[in-house]
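My entries are below the structure.

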Amino acid sequence: MQTEIEQYYNKFNEEKRLDRRHGRVEFVTSMKYIHKYLDEIARERNKTTEEIKIMDIGAGTGRYSVALSEEGYDMTAVELVRHNLGLLKAKNSAVKAYQGNAMKLSRFADETFDLTLLFGPLYHLHAREEKLKALAEAKRITKNGGFILAAYIMNDYSVISYAFKERNILRAMEEGMLDKQFHCTDKANPLYSFMRLEDIEQLNSMAGLERVQIIAADGAANYMRREMNALTEEEFQYFIEYHLSTCERMDLMGATSHTVDILRKINN
């Protein structure tokens with residue numbers, strides 16, 4: 001029997017999401033910081049591109065893993081949804097792709113990868129214990145001193161967009177989707193889990209992971225899909241420049257749609 005997540009992604013066009021303008025902002029930003037820490041690994045460990053091993057957990061259709069593989073990195077991907085995995089494999093890239101669950105990566109040995117991407121699973125794991133299992137597995141398979149990039153969907157993006165912009169606030173309060181502090185509850189969305197900065201920081205502490213920095217992957221772009229699409233390409237490039245100049249600002253972090261938390265595994 002298919003899970004609810006599998007049923008969702010069998011219909012959702014994950015392949016094209018990052019090609020739309022709001023998705024392009026997210027992709028360009030995430031790739032900038034992926035490369036920043038790959039360069040740091042190369043310098044610290046005196047490794048060539050081909051020697052750097054990357055894991056993409058929850059790889060979807062391979063938007064990131066295929067691009068990085070084409071740059072020459074040793075790329076492995078795990079994807080839960082067989083439909084997405086099939087699309088990834090159909091690209092005939094050098095990515096070593098497997099079906100699997102972010103909370104159980106037993107086919108991979110400890111400290112195998114220099115850098116691990118955890119971009120999709122934490123969107124969908126609701127329970128703290130499940131998130132911690134996914135982080136623990138990412139930590140286990142990452143080499144000491146290596147980096148984990150974990151993505152989250154932010155709580156206040158959901159409140160602003162769904163509750164107020166789409167005028168669902170009365171229903172959300174009546175049905176217990178939001179608590180009195182406007183924190184999304186488990187009733188808010190059966191598929192997606194929404195986080196605040198303090199929630200993420202608590203997870204990091206419990207998982208024993210050290211934050212290097214956190215970035216806003218898409219900033220205001222998701223709020224402005226219609227406006228994004230109306231921009232000329234030249235205007236859109238200026239928006240990307242604006243976003244890249246502000247994506248590290250903590251005063252804007254809580255309201256972005258997606259964050260990427262950049263963590264380092266340091267064995268005590």
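The entries go from the whole chain to single residues.

Basis. I am working from a predicted model, where local features need pLDDT of at least 70, side-chain atom pairs count only at pLDDT 80 or more, and totals for chains, interfaces and linings use all residues. Residues are numbered from 1 along each chain as its sequence is written, and side-chain values use heavy atoms, without hydrogens and water.

Whole chain. I looked up the secondary structure and found 13 helices and 8 strands, taken as DSSP runs numbered from the N terminus (helices H or I, at least four residues; strands E, at least two). The C-alpha trace spans about 55 × 45 × 40 Å along its principal axes.

Burial. I noted that 51% of the 268 residues are buried; that term means under 20% relative accessible area, with exposed over 50% and partly exposed in between (1.4 Å probe, protein chains only).

Cysteines. I searched the whole structure for disulfides and got 0, the criterion being a pair of cysteine sulfur atoms within 2.5 Å. Cys247 is buried at 1% relative accessibility, and Cys184 is buried at 14%.

Surface. I found a nonpolar patch made of Phe164, Met173 and Phe182. Phe164 lies in helix α8, residues 155-165, and is partly exposed at 44% relative accessibility.

How values were computed. Patches are made of residues with over 30% relative accessible area and no salt bridge: like charges are joined within 9 Å, nonpolar side chains (Val, Leu, Ile, Met, Phe, Trp, Tyr) within 5 Å. Accessible areas come from the Shrake-Rupley method with a 1.4 Å probe; for residues, only the protein chains shown count as cover. A salt bridge is a side-chain nitrogen of Lys or Arg within 4 Å of a carboxyl oxygen of Asp or Glu.
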